[in-house]
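Biologist: Before we start, please show me the model. I have a few questions to ask about it.

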Amino acid sequence: MKPLSPRETVTELDKFIIGQRNAKRAVAIALRNRWRRQQVPEELRDEIAPKNIIMMGPTGVGKTEIARRLAKLAQSPFLKIEASKFTEVGYVGRDVESMIRDLTELAVNQVKSEEAEKVQAKAREIAEERILDILLPPAPKKAPPLEEQPSLSAEAGHDQADTQQPPSTREKLRKMLRAGKLDGREVELETTQQNLPVVEIFSASGMEEMDINIKDMFGNMFPKKTRKKKVKVPEALELITREEAQKLVDMDLVTRQAIERVEQSGIIFLDEIDKIAGREHAQGPDVSREGVQRDLLPIVEGSTVTTKYGMVKTDHILFIASGAFYVSKPSDLIPELQGRFPIRVELNSLSREDFIRILTEPQNALLKQYVALMETEGIALVFKPDAIERIAEIATTVNERTENIGARRLHTIMEKLLEDYSFDAPEMTGKKIVIDAAYVTQKMEPLLKDEDLSRYIL
């Protein structure tokens with residue numbers, strides 16, 4: 001894939017996220033710097049550390065979406081994790097190293113899928129042959145009378161020809177299979193299943209890896225059982241193709257590529273980092289705040305984590321942290337951790353104009369989603385411009401009066417607005433529904449007037 005310039009990256013992000021130009025520029029530069037690092041001489045390459053980013057801003061303004069879309073553009077292994085899920089080493093809960101193991105698992109699955117796609121054509125051919133063998137078993141070899149038995153050399157020469165059907169019959173069947181003329185037929189397949197005992201592991205530091213090893217150990221101890229089942233030919237083809245593709249994939253190569261991809265282009269999005277930023281000391285152990293920061297520090301600085309696929313270095317993984325920072329602030333993080341997040345970007349609260357653009361402009365805009373959903377019922381749903389403006393006004397008003405949850409407020413309003421039509425849609429096939437400002441006001445005004453009710457409903 002051709003590396004994108006920062007300007008091209010921002011343009012791609014603009015298709016899905018409205019506004020937040022500063023944050024988009026910061027992640028676009030970070031992505032381009034990864035490509036630049038690969039071009040510098042090798043002796044300098046390892047010295048260039050990624051410039052990790054902290055995004056600050058209220059919920060629902062696009063922090064997570066920017067990171068997710070960035071990873072998709074870069075085709076990088078991407079993991080979103082809540083920082084508040086971790087506990088300090090020595091306590092029951094997830095330790096910070098688990099996110100590297102999770103990212104490696106994701107990368108292995110990603111590379112495995114890519115490699116399986118490459119061998120798909122060959123796997124399909126093998127699957128076809130296996131289906132043809134089931135539909136047209138080889139003819140049993142008949143032993144000739146004793147006096148007519150050929151010599152050993154002659155028997156070896158004719159052995160294969162005697163046990164196969166005439167090529168013309170097999171080729172005719174192959175053509176029928178490819179043309180879909182055999183789709184209605186059922187074939188009997190032998191599938192493998194393995195019954196493992198349920199083992200629950202109470203997770204502490206490193207215990208997740210023990211869980212994996214126990215599963216592998218039981219997998220070798222307990223024999224695999226085979227079960228025969230009848231399926232239609234197309235389903236049998238898919239099952240066999242998938243099975244053969246897995247056999248053709250070189251897992252050693254997959255593991256090497258996955259680890260390299262994690263180390264060189266992995267992205268970890270640490271959400272809710274403000275929840276571990278408080279440094280005030282309460283009574284008892286500091287299980288999930290400053291203790292987690294101390295555990296997080298070596299991962300972000302660069303260390304080696306043991307996974308079931310091998311050792312993974314975290315020196316060049318890009319970390320993007322985010323938080324609303326309502327109560328705490330970035331300076332409440334321990335100084336060493338602050339130093340590992342040199343880029344800080346503030347995301348703006350969404351205005352009425354932003355809401356209008358969010359509803360209409362992105363490729364996955366909310367209004368486009370509802371129009372497509374109603375089309376499945378044979379209903380034409382139309383939103384007038386004044387209705388869109390009124391929805392944006394209501395979202396802005398409710399966010400100001402109650403908790404500001406950003407663009408997520410639009411989901412709540414749209415569901416409430418279209419609740420009746422969504423319920424009655426199966427009986428309204430062929431109709432056209434026009435949503436105007438008057439209808440929006442009629443549906444939403446009672447909730448807006450009753451402020452206590454709007455806190456619960458909206």
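Biologist: Which element gives the largest share of the lining of the largest pocket?

Modeller: This is a predicted model. The elements that give two or more residues to that lining are α4 (63–74), β8, α15 (366–375) and α17 (408–417). The largest share is four residues, and the element it comes from is α4.

Biologist: How much space lies in the largest pocket?

Modeller: The pocket is lined by 37 residues, and the closest to its centre are G60, V61, G62, A407 and R408. The lining divides into 14 nonpolar, twelve polar and eleven charged residues. The space in this pocket is about 890 Å³.

Biologist: Which backbone oxygen does the side chain of H316 reach?

Modeller: I48 and A49 are among the residues that H316 touches. The side chain of H316 comes to 3.2 Å from a backbone oxygen, that of I48.

Biologist: Where around the axis of α14 are its buried residues?

Modeller: In α14 (residues 352–360), the buried residues are D354, F355, I358 and L359. They cover an arc of only 135 degrees around the axis, so they lie on the same side of α14.

Biologist: What covers the buried residues of α14?

Modeller: The residues in question are D354, F355, I358 and L359. What covers them includes α15, α16 (385–401) and α17.

Technical notes
Residues numbered from 1 in each chain as written. Predicted model: local features only at pLDDT ≥ 70, side-chain atom pairs only at ≥ 80, totals over all residues. Heavy atoms only, no water. Polar contact = N/O pair within 3.5 Å; in protein donor to acceptor, adjacent residues only side chain to side chain. Contact = heavy atoms within 4.5 Å. 1 Å grid on protein atoms, 1.4 Å probe; cavity = no way out; pocket = protein on both sides within 12 Å on 5 of 7 lines; lining within 4 Å. Points joined across faces, edges and corners; volume = space filled by probe spheres on them. Nonpolar A, V, L, I, M, F, W, Y, C, P; charged D, E, K, R; others polar. Buried < 20%, exposed > 50% of the residue type's maximum accessible area, 1.4 Å probe, protein only. Arc of directions from axis to C-beta. Lists of a residue's contacts leave out its neighbours within four places in sequence.
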